[in-house]
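Hi,

Here is the structure I said I would pass on. Have a look at it, and my notes follow below.

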Amino acid sequence: MKRTTLGKARAVSRRRGVFMDLKSEIMRLSSLRGVSGDEGAVSADLAARLRPLTDSVSVDPFGNVVAMRGSSRTGAPKLLIDVHIDQAGLMVTEVTDDGFARFSPIGIDARILLSNEMTILTRNGPLKAIVSALPPHLQEDGDELKAPRPEDMTLDLGMSGEKARELIRPGDFAVYDTRPVELLGGTIAGPAMDNRAGLAAVLHALEGLAGVELPCQLAVAGVTREESGLHGAEQVVRRERPEYIVVVDACHARTPDAGKYERVHEMGGGPVIGRGANSSPRMAEALIAVTERENIPYQLEAIPRTSRTDAWAAQIAACGAATVVVSLPVRYMHMPVETVRLDDVEALGKLLCAFCRDFRGLDFQGLNGEGGRVS
């Protein structure tokens, strides 16, 4: 592939400061608020971020952001990179007479909600609240050993029922009022790393493709409503009709208490390439070939059934497409302290960049069980 002088200059600049740039981008994206079903602020931010990196950007009524890079190659295949931009959160279901708000979780881990600071996103602007429950002194014997259920907790707004009803309505969303922090060992913890860290990797890849003539038509989609049902991906694929789809998401990283579970991977081991029912082994082989050629660390994940990612909905949304899932290892999924390693994010960005730079489609003819190959 030919690279312009501008592209070379940008590449040198990125190599010097890529880690700092990635860290800043991950922390910035983590701080954006966009619960599944209400991602407007994230969509607007992403559209602005994509415009200088792509040929065109559009935002549909669902909030999905789709950016395009064209190709001068005749018969160039269409490749879609799907990365969901929503996050887990809460929805207010009732405002009580005494000024508390009851809620329903949206993908959130309810076990760790108690005592968290939250921000309720209202028509009057963001409002602070805390998650409250009956203190241990007033509980029945043995209750302190049980994880509180969502129906046993409320959002305490510190106001009267009349004032609360004036400001808050059923259907308002709430997010963790937490900011990302840098830990030791090149790690970052914060809300919405699933999937904003993946989004940072995609943006890093697009920066690497600046000035590069692509052999494929490339669509990059920041999709909504993944946590609430994979709905955004289905809409994008029906409209764009790609032949190939790479779904960027998160998977579980190993912790001391997770060793007995399947589909748990090592932080620092590189991106995790899925193989299975909706993560095509042939597409996976194409990604693996790139990692080995570019000396990028990677891990494998067996996905015998649903991946519980956008690939599940996307692969059949428009008469079928070849899909693959590639994930970042993330600790403490759907908690306010989701944790990622910078070198994993960088490695994923490098993988996506190299894959798109050389992708001409896959040969699905006469493979004889040998797996996929870039044609």
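For the notes, two residues are in contact when they have heavy atoms within 4.5 Å. Helices are DSSP runs (H or I, at least four residues), as are strands (E, at least two), and both are numbered from the N terminus. This is a predicted model, where local features need pLDDT of at least 70 and side-chain atom pairs count only at pLDDT 80 or more, while totals for chains, interfaces and linings use all residues. Residues are numbered from 1 along each chain as its sequence is written, and side-chain values use heavy atoms, with hydrogens and water left out.

First, the overall picture. The chain has eight helices and 18 strands. Of its 375 residues, 55% count as buried (under 20% relative accessible area with a 1.4 Å probe, protein chains only; exposed is over 50%, and partly exposed is in between). Among contacts with a separation of 6 or more, 76% are between residues 24 or more positions apart.

Now the helix pairs. Axes are lines fitted to C-alpha atoms, for helices over the stretch in contact, and angles run from 0 to 180 degrees between N-to-C directions. Angles under 35 degrees count as roughly parallel, over 145 as roughly antiparallel, 65 to 115 as roughly perpendicular and the rest as oblique.

Helix 6 (residues 281-294) and helix 8 (residues 342-358) cross at roughly 110°, and their axes come within 10 Å. The two are therefore roughly perpendicular to each other. On the helix 6 side, Ala286, Leu287, Val290, Thr291, Arg293 and Glu294 meet Leu351, Ala354, Phe355, Arg357 and Asp358 of helix 8. That contact has six nonpolar, one polar and four charged residues (Ala, Val, Leu, Ile, Met, Phe, Trp, Tyr, Cys and Pro count as nonpolar, Asp, Glu, Lys and Arg as charged, and the others, Gly among them, as polar).

Helix 8 also packs with helix 4, at an angle of about 45° and with the axes 8 Å apart. That makes helix 4 oblique to helix 8. Here Ala197, Ala200, Ala201, Val202, His204, Ala205 and Gly208 in helix 4 meet Val345, Glu346, Leu348, Gly349, Lys350, Leu352 and Cys353 in helix 8. By class, these residues divide into nine nonpolar, three polar and two charged.

Helix 4 (residues 193-208) has another partner in helix 2 (residues 40-50), with an angle of about 15° and axes 11 Å apart. Helix 2 and helix 4 are therefore roughly parallel to each other. Their contact has six nonpolar, no polar and three charged residues.

What about the core? The largest nonpolar core has 62 residues, and Leu79, Leu218, Val246, Val248, Val326 and Val345 touch the most other members (a core is a set of buried Ala, Val, Leu, Ile, Met, Phe, Trp, Tyr and Cys residues joined through side-chain atoms within 4.5 Å). Helix 8 gives the largest share of this core, 10 residues. Apart from it lies another core, of 22 residues, including Val95, Ala101, Ala129 and Met153. Beyond its neighbours within four places in sequence, Leu79 is in contact with residues including Leu218, Val246, Phe355 and Phe359.

Leu167 counts as buried because its relative accessibility is 15%. Its C-alpha atom is separated by 7.2 Å from that of Thr122, 45 residues apart along the chain. Leaving aside neighbours within four places in sequence, Leu167 is in contact with Thr122, Asn124, Leu127, Met159 and Asp172.

Cheers
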